[in-house]
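Colleague: Could you walk me through this model, one question at a time?
Modeller: Gladly; let us look at the structure together.

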Amino acid sequence: MRTIHVVTHPEATHHVEGLVGGWHDSDLTPRGLDQAARVASVIAARAPEAEIYSSDLLRTRRTAEVIAARLGTVVVLDRDLREKSFGEAGGRPQSWLDERFVPPPEFGERMRHDEGLPGAETKWDLAVRVYAAVERILKSDAPEQVIVTHGMAATFVLAAWIEMPLESAGRLAFRFSPGGITTLREDDRFHNHAIVALNDVAHLS
């Protein structure tokens, strides 16, 4: 049986400063560091020998390092687990993005939709690289794994896990909280891919 714990990074500086995240390399706040320690306690209790994979951005790397220190292991960094790039909007005030953002159409092409932000990735770009990262992670035979990533990227970690075709993922959107833990499991008999718990935040109370 394989179990994967998907962790969305805790509170980061761009959250409290009202800035666009994406590839903007924000760090965890003091509160975020406390949340990371709480996440690490949960992972240590549930998966003490887990492999740890993480986006290479500072806020996710810092989270993964807190977990790894608790487990006495190392972190495998993978830039394909990064958040969606918002191009020129990254690191700017959220209001700057809101004024320029072009929402996807209700019908038609949504995955490759141009959101009007110079240099930004499409959802398709994001999904392709996250799917590739998940495929690499699943090549390991480790029964317990942790993936530390970001809110939008986590949606496509789950999509890859349930083997949703990319062309069908245009409307998919899960809501994740900073420091949330989502648990995925494959059973040994039927080899089904289940989402056991979505965005558990009880440890943050």
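**Strands, salt bridges and a pocket**

Modeller: Asp27 is partly exposed, with a relative accessible area of 23%; buried means under 20%, exposed over 50% and partly exposed in between, using a 1.4 Å probe and protein chains only. Before your questions, note that this is a predicted model in which local features need pLDDT of at least 70 and side-chain atom pairs count only at pLDDT 80 or more, while totals for chains, interfaces and linings use all residues. Residues are numbered from 1 along each chain as its sequence is written, and side-chain values use heavy atoms, with hydrogens and water left out.

Colleague: Which side chain meets Asp27 in a salt bridge?
Modeller: A salt bridge here is a side-chain nitrogen of Lys or Arg within 4 Å of a carboxyl oxygen of Asp or Glu. For Asp27 the N to O distance is 2.6 Å, and the partner is Arg62.

Colleague: How many residues apart in sequence are the parts that this pair ties together?
Modeller: Helices (H or I, at least four residues) and strands (E, at least two) are DSSP runs, numbered from the N terminus. Asp27 is in the loop between helix H1 (13-17) and helix H2 (30-46), while Arg62 belongs to helix H3 (residues 58-71), so the pair ties together parts whose separation in sequence is 35 residues.

Colleague: Are Asp56 and Arg82 buried or exposed?
Modeller: These two form a salt bridge, with their closest N and O atoms 2.7 Å apart. Asp56 is in the loop between strand S2 (51-54) and H3, and Arg82 in the loop between strand S3 (75-77) and helix H4 (94-100). As for their accessibility, both Asp56 and Arg82 are buried.

Colleague: Which residues do salt bridges with shared partners join into one network?
Modeller: Start from the salt bridge of Asp80 with Arg136, whose closest N and O atoms are 2.8 Å apart. Asp80 lies in the loop between S3 and H4 and Arg136 in helix H5 (residues 123-137), so this pair ties together parts 56 residues apart in sequence. The network is made of Asp78, Asp80 and Arg136.

Colleague: Why is strand S5 largely enclosed by the rest of the structure?
Modeller: S5 covers residues 181-186. Strand S1 (residues 2-8) pairs with S5 in the antiparallel sense over six bridges, and S5 and S6 pair in the antiparallel sense over five bridges; strands count as paired if DSSP finds at least two bridges between them. S5 is largely enclosed because, of its six residues, the number buried is five.

Colleague: Which residue takes a positive phi in the hairpin of S5 and S6?
Modeller: On the paired strands, Ile181 has Asp200 in S6 as its bridge partner. The hairpin has six residues between the strands, and the one with a positive phi near 60° is His191.

Colleague: Which element gives the most to the lining of the largest pocket?
Modeller: On a 1 Å grid over the protein atoms alone, a pocket is an open set of points with protein on both sides within 12 Å along at least five of seven lines, and lining residues have an atom within 4 Å of a point. The largest pocket holds about 860 Å³ of space, and among its 32 lining residues, the closest to the centre are Glu83, Phe86, Gly151, Met152 and Arg175. H1, H4 and helix H6 (151-161) are the elements that each give two or more residues to this lining. With four residues, the element that gives the most is H6.

Terms used: On a 1 Å grid over the protein atoms alone, a cavity is a set of points where a 1.4 Å probe fits but cannot get out, and a pocket is an open set with protein on both sides within 12 Å along at least five of seven lines; lining residues have an atom within 4 Å of a point. Grid points are joined across faces, edges and corners, and a volume is the space filled by probe spheres set on the points.
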